Amino acid sequence: MTTQHPTAALHVLFLSAEVFPFAKTGGLADVAGSLPKAIRRLGHDIRIVMPRYGFIDPARWALEEIISELPVPFGEGTEPARIYVARHNEVPVYMVDNARFFHREQIYAYPDDAERFLYFSRAALELARHLNWAPHIVHCNDWHTALVPNWLKVVYRDDPFWQRTRTVYTIHNLAYQGVFDGHVLALAGLADQGFIVHPAFPHWQRVVHFMARGIIFADMITTVSPRYAREILTPEFGAGLDPLLRERADSLVGILNGIDVEVWNPATDTLIAQPYDVERLEKREVNKQVLQEQAGLPVDAGVPLLGFIGRLTEQKGVDLLVAVADAVVQHLNGQMIILGTGEAKWHEALQSTAQRYPRHVKVFLTFNNPLAHAIYAGVDMLLMPSRFEPCGLNQMIAMRYGAVPVVREVGGLADTVQDFDPRSGEGNGFTFGTYAVEAFLTAIVRAVENWKYATTWRRLQERGMRTDVSWTRSALQYVDVYRQALRTSGDMPAPLREKLSFVPLSEGT
Ligand code: GLC
């Protein structure tokens, strides 16, 4: 039981494998770079921990070394970490440095990712103890940090330092689960507890499933939109984990992401050609021209300009994007600008589309932040035909920049974009339900038809720009979840505990 006064400031240790602006592959970095700031402004002592990847230059970010050798338990022994701190924003960002694990060119996709991220997570806990700063909450994000709740309930169970600490585990994307073979248990110091036996998941007796352990052992679980929180309880969106998630449904809360409205502000954005705001929306047109030029497309205010930004993966609906291009070009005389990197097959498909329509389609197969800003500021519509979308941040950025989102009604897209109704004038974008080219195209056609009416369109843009996409409300909801976690006993809920048993690594199959 906790003696924490309900209004007292909380100590929160926030763990993320990527944090903007230091390291980013996707939305997780944006959340880690902005949510803690909002929580800190509510008066809480929140501190971030992330790895110090080789590409994060200590001089550029003015990193300060605070510990030269922190011993981190790893396998039979310990592996030392150097700890830096960055004070880039109001929130301290501790960085765990270890040449063997993190001095690489990329964040992920190495054969030893399990080792790398379990080492990072363990170092974060050892760091808190070294600083003698006991967190009320350890807030873990995605599979990379999902062993933390497991450790606190097993390895650190009787350690007085961690007695009052509770864990919150946030799922940003159920598609990346972190499943590895048994040797990881020994490295994590979990060999004795071993594999998890659960009647619905027989294969867990041979693998270590990071995401599942986060869900099983965390005191509270969140995901990044209310709609996704409901979706993942079903087989369609549960990515195989829906039976487990249903068992923990009482502890699962969906909280909509916000965006950093200081980073994403068309009135002060130095990365766009012409700043503008909702009162001076006509100035925005310059950005469309500049973008068309930059993309090597004919400069023409009279054609609809459609954008896409994102990882080029199955999730993002790239197949629909490719399939719709012919109609957009031939029937709507539209231009398309696509920015992103991902799977080779989508690179090829998009490239051949661009070759077919050099005056209409431009594809940038790269990750380029300034260009992303220019696209949000320049396109008429932003397309997000996602197969699934835990939250999605781009539709919120688009709205803030007066680009009208055309999205599929899933996950956070459904929670943030309301379909435009020309009769009532309500709605802030265009949506479609069925994952099919015709449905997507219908939404695009409706958008383009409305775009032709300047006053209608301007009202749509204004409504989007006035939508509250900041963290204000959601940060309060996270604090509520922290307090809910603190009210738990710290024991696993009985119905789940009764289903589970454990097989030590030495006896595993
Ligand atoms: C993942 C999800 C995306 C979400 C982001 C931040 O990238 O795919 O929908 O917005 O995490 O939570």
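Because the model is predicted, local features need pLDDT of at least 70 and side-chain atom pairs count only at pLDDT 80 or more, while totals for chains, interfaces and linings use all residues.

**The ligand.** Select the ligand and the 14 residues around it, of which His172, Asn257, Glu389, Cys391 and Gly392 come nearest; a residue belongs to this group if one of its heavy atoms lies within 4 Å of the ligand. Now show the side chain of Glu389, where a polar atom lies 2.6 Å from an oxygen atom of the ligand, and then that of Gln315, where a polar side-chain atom lies 3.0 Å from a ligand oxygen atom. At Cys391, a backbone N or O atom lies 2.9 Å from an oxygen atom of the ligand.

**A loop residue.** Next select Ile107, which lies in the loop between helix H2 (99–102) and helix H3 (113–130); helices here are DSSP runs of H or I with at least four residues, numbered from the N terminus. Ile107 is buried, with a relative accessible area of 5%, where buried means under 20% with a 1.4 Å probe and protein chains only.

**Helix H15.** Finally, select residues 437–451, which form helix H15. Among its buried residues are Phe440, Ile444 and Trp451.

Technical notes
Residues numbered from 1 in each chain as written. Heavy atoms only, no water. Helix = DSSP H or I, 4+ residues; strand = E, 2+ residues; numbered from the N terminus. Expected span 1.5 Å × (residues − 1). Buried < 20%, exposed > 50% of the residue type's maximum accessible area, 1.4 Å probe, protein only. Polar contact = N/O pair within 3.5 Å; in protein donor to acceptor, adjacent residues only side chain to side chain.
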